[in-house]
Amino acid sequence: LQNLLVQEAVLGGVFAVDQVVSGAGSIIIIPFALEILGRTNYGAWITLLAIVGFVGMSDFGLTSAIINPLAAAFGTNNRDVSRRMIASCFLALLLVGVLIAAGCTFLIVTQAVPVGRILGLQHPASMDVKMACILSLDLTIGAYVFQLSDVILATTQQAYIGAWADVVGQIVSVIAVLALAARGSHSMTAF
């Protein structure tokens, strides 16, 4: 029981650090992103990130559906069943991701969805706009299969690893934006 309490305390501490770093990262990034992109482009970028975030949640519940059966398989030490569940979920997530990415890319490239106009940009048909949207969506959707790692870590009582990965990701993001700001980068002005 004491070991479980220590493990939960460590997990809670790691999640607290994750929340603090995420919040601080956002506070640090916003002024520099505004400087790099300008007000209009920053607003468009945030809108794009909101849309991408929404698409990123559309894994059709595959990762949520596997949590309890996978935990039961791990709990009974049934490696064969757990491997099959992980492989099946991985393939399903990969298929869903590829189909959504291909569909979104097609809609953006053919201008069936005028993302530039939706975002209210000065150059709505710009290739930079299309590429930014496609890359953002495709990278987010490509991360579907990585969501499975969070499920595996949670079911094996090692969720703190995923939380530390989030902390590192936030730190890398802050460093990248600060590096762009230090260079005086205006590479997104065409956006």
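Colleague: What do the side chains of R84 and D80 meet in?

Modeller: They meet in a salt bridge, with 2.8 Å from N to O. That term means a side-chain nitrogen of Lys or Arg within 4 Å of a carboxyl oxygen of Asp or Glu. Bear in mind that this is a predicted model: local features need pLDDT of at least 70, side-chain atom pairs count only at pLDDT 80 or more, and totals for chains, interfaces and linings use all residues. Residues are numbered from 1 along each chain as its sequence is written, and side-chain values use heavy atoms, with hydrogens and water left out.

Colleague: OK. How far apart are R84 and D80 in helix 4?

Modeller: Four residues, so about one helical turn separates R84 and D80. An α-helix has 3.6 residues a turn, so residues three or four places apart point the same way.

Colleague: And how many salt bridges does a search of the whole structure find?

Modeller: One.

Colleague: What does R84 count as, at 48% relative accessibility?

Modeller: R84 counts as partly exposed. The scale goes like this: buried is under 20% relative accessible area, exposed is over 50%, and partly exposed is in between (1.4 Å probe, protein chains only). D80 is partly exposed too, with a relative accessible area of 44%.

Colleague: Let's zoom out. How many helices and strands are there in the protein chain?

Modeller: Eight helices and zero strands. Both come from DSSP runs numbered from the N terminus: H or I with at least four residues for helices, E with at least two for strands. Along its principal axes, the C-alpha trace of the protein chain spans about 60 × 35 × 20 Å. Of its 191 residues, 31% count as buried.

Colleague: Back to helix 4, then. How many residues has helix 4 got, and how far does helix 4 reach?

Modeller: Helix 4 covers residues 79-109, which is 31 residues, and reaches 44 Å from its first C-alpha to its last. That's close to the 45 Å expected at 1.5 Å a residue. The expected span is 1.5 Å times one less than the number of residues.

Colleague: Which residues of helix 4 are buried?

Modeller: Among them are M85, C89, L93, V96, G97 and I100. What covers the buried residues of helix 4 includes helix 2 (39-56), helix 3 (62-75) and helix 6 (127-142).

Colleague: Which residues touch the most other members in the largest nonpolar core?

Modeller: I66, I100, C133 and Y144, out of the 27 residues in that core. Helix 4 gives the most to this core, with eight residues. A nonpolar core is a set of buried Ala, Val, Leu, Ile, Met, Phe, Trp, Tyr and Cys residues joined through side-chain atoms within 4.5 Å.

Colleague: Tell me about Y144. What does Y144 touch?

Modeller: Leaving out residues up to four places away in sequence, Y144 touches several residues, including V55, D59, L93, V96 and I100. Touching is a contact, meaning heavy atoms within 4.5 Å. There's also a second, separate core of eight residues, which includes A33, I36, V177 and A181.

Colleague: New topic: the surface. Which residues form a nonpolar patch there?

Modeller: V17, Y160, I161 and W164, with about 330 Å² of accessible area together. Helix 8 (residues 159-183) gives the largest share of the patch, three residues. I161 sits in helix 8 and counts as partly exposed at 37% relative accessibility. Patches use residues with over 30% relative accessible area and no salt bridge; like charges are joined within 9 Å, and nonpolar side chains (Val, Leu, Ile, Met, Phe, Trp, Tyr) within 5 Å. Accessible areas come from the Shrake-Rupley method with a 1.4 Å probe, and for residues only the protein chains shown count as cover.

Colleague: Last one, the backbone. What phi does N77 have?

Modeller: A positive one of about 60°, although N77 is not a glycine. Most residues other than glycine have a negative phi, and most peptide bonds are trans. N77 lies in the loop between helix 3 and helix 4, and counts as exposed at 56% relative accessibility. Just after helix 4, Q111 takes a positive phi of about 60°.
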